[in-house]
Amino acid sequence: MTHEDEHEIIKKISGGNEEYFEKIVNQYKNKIYNFSLNILYNKEDAQEVTLEVFYRFHKGFKKFKGECKISTYLYQIAKNLCKDFLKKKKIKTANIEEVANLIRTGDDPEQIYLKNEEKKEILFALGNLKNGYREALILRELEGFSYKEISEILKQNLNTVKTKVKRAREQILSQIRHLTGE
Amino acid sequence: MKNCNEIKNLLSEYLDGETDNTPGIQKHLESCADCRKEFERLKKTARTVKDHLVKDKLPESFNQRLMKKIQEPCTSRFSFKIFIPRLAYTVVVILILLGIVFYVPIKEKFAFKPAKQIEQTVVYFTQSDHQEAEKIFLVSSNDVEDEEVLINLFAENNEF
């Protein structure tokens with residue numbers, strides 16, 4: 001979807017065209033959900049945040065002047081809501097039980113157990129990243145956003161984003177060296 | 001020509017294709033085993049993180065829940081409409097508490113004090129043909145500034 005297409009869509013939604021609003025929801029809902037899930041490590045909380053993101057988008061799109069992409073705007077709302085959630089729940093680091101709950105089971109028990117343990121370690125390491133590092137890394141690895149797009153979402157300058165992604169990887173590496181064959 | 005520390009600092013950007021110096025870094029990696037090892041380590045970390053991020057799908061009922069929420073009156077816990085009355089309530093409580101704390105000192109400061117009676121001018125009049133005539137005219141010094149004004153005031157009231 002180009003910026004011009006998005007501009008047209010916003011006009012149509014402003015005109016009360018719910019069909020276009022639903023198009024936006026369907027396009028971005030799982031992306032926003034997975035972003036929130038990797039921050040909050042709780043499915044119910046992530047669903048609630050996702051619901052609130054689109055609710056606010058629907059209520060506030062008249063104020064949205066198209067100065068950034070719709071996706072950027074949605075991720076900005078999601079990021080702020082996740083931050084509020086974590087603050088409210090006074091969560092500063094990952095909860096190992098919540099991380100374990102996210103791991104799915106599969107067919108081969110032993111393989112699944114090993115993979116799950118590995119996944120648990122990585123998610124735990126990710127959950128213990130410094131404030132702000134995790135969001136930057138998740139936006140980069142989960143959605144493949146460019147540094148410029150990440151800087152727009154996080155409202156930080158480009159160099160700050162570069163540093164955050166770099167340091168996030170370094171911190172994770174130091175915790176999971178044994179998993180990367182070190 | 002950048003040294004190894006400088007190159008290592010740029011490897012994360014290089015991995016993401018976000019550096020301006022791609023040919024320079026590429027050339028350095030071809031000739032430096034240590035930096036190449038560091039780059040491979042970084043690449044593996046990034047891939048490991050990417051592979052293990054949680055990926056899930058929202059339930060089918062999500063859209064329905066969303067439309068229901070949009071159509072309902074505002075009950076969101078994030079709602080500004082709930083926030084404003086709560087804020088107003090908090091402000092009122094704070095004002096009442098401040099009022100109680102400062103009421104007594106303010107009351108004492110602005111309590112009514114009778115006018116100063118620095119001078120009390122007492123005027124007695126006796127009429128020569130009426131022995132018992134005696135008039136006491138008490139005047140507070142707040143009403144008059146000096147004796148002349150006092151006499152004029154009395155004269156007006158008694159039509160001398």
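Tutor: Let's start where A:Arg169, A:Ile172 and A:Leu173 of H9(A) touch B:Arg41, B:Leu42, B:Thr45, B:Ala46 and B:Val49 of H3(B), contact being heavy atoms within 4.5 Å. Helices here are DSSP runs (H or I, at least four residues), numbered from the N terminus. This is a predicted model, where local features need pLDDT of at least 70, side-chain atom pairs count only at pLDDT 80 or more, and totals for chains, interfaces and linings use all residues. Residues are numbered from 1 along each chain, chains are lettered from A, and side-chain values use heavy atoms, without hydrogens and water.

Student: How do I describe two packed helices?

Tutor: You give the angle between their axes and the distance between the axes. The axes of H9 (residues 158-175) of chain A and H3 (residues 33-52) of chain B come within 10 Å and cross at roughly 90°. So H9(A) is roughly perpendicular to H3(B), a label for angles of 65 to 115 degrees.

Student: What about nonpolar side chains?

Tutor: In soluble globular proteins, they tend to be buried together. Buried means under 20% relative accessible area with a 1.4 Å probe, protein chains only. A nonpolar core joins buried Ala, Val, Leu, Ile, Met, Phe, Trp, Tyr and Cys residues through side-chain atoms within 4.5 Å. The largest one has 61 residues, and A:Phe54, A:Phe57, A:Leu74, A:Leu126 and B:Leu66 touch the most other members.

Terms used. Axes fitted to C-alpha atoms, helices over the stretch in contact; angles between N-to-C directions. Helix = DSSP H or I, 4+ residues; strand = E, 2+ residues; numbered from the N terminus. Parallel < 35°, antiparallel > 145°, perpendicular 65-115°, else oblique. Buried < 20%, exposed > 50% of the residue type's maximum accessible area, 1.4 Å probe, protein only.
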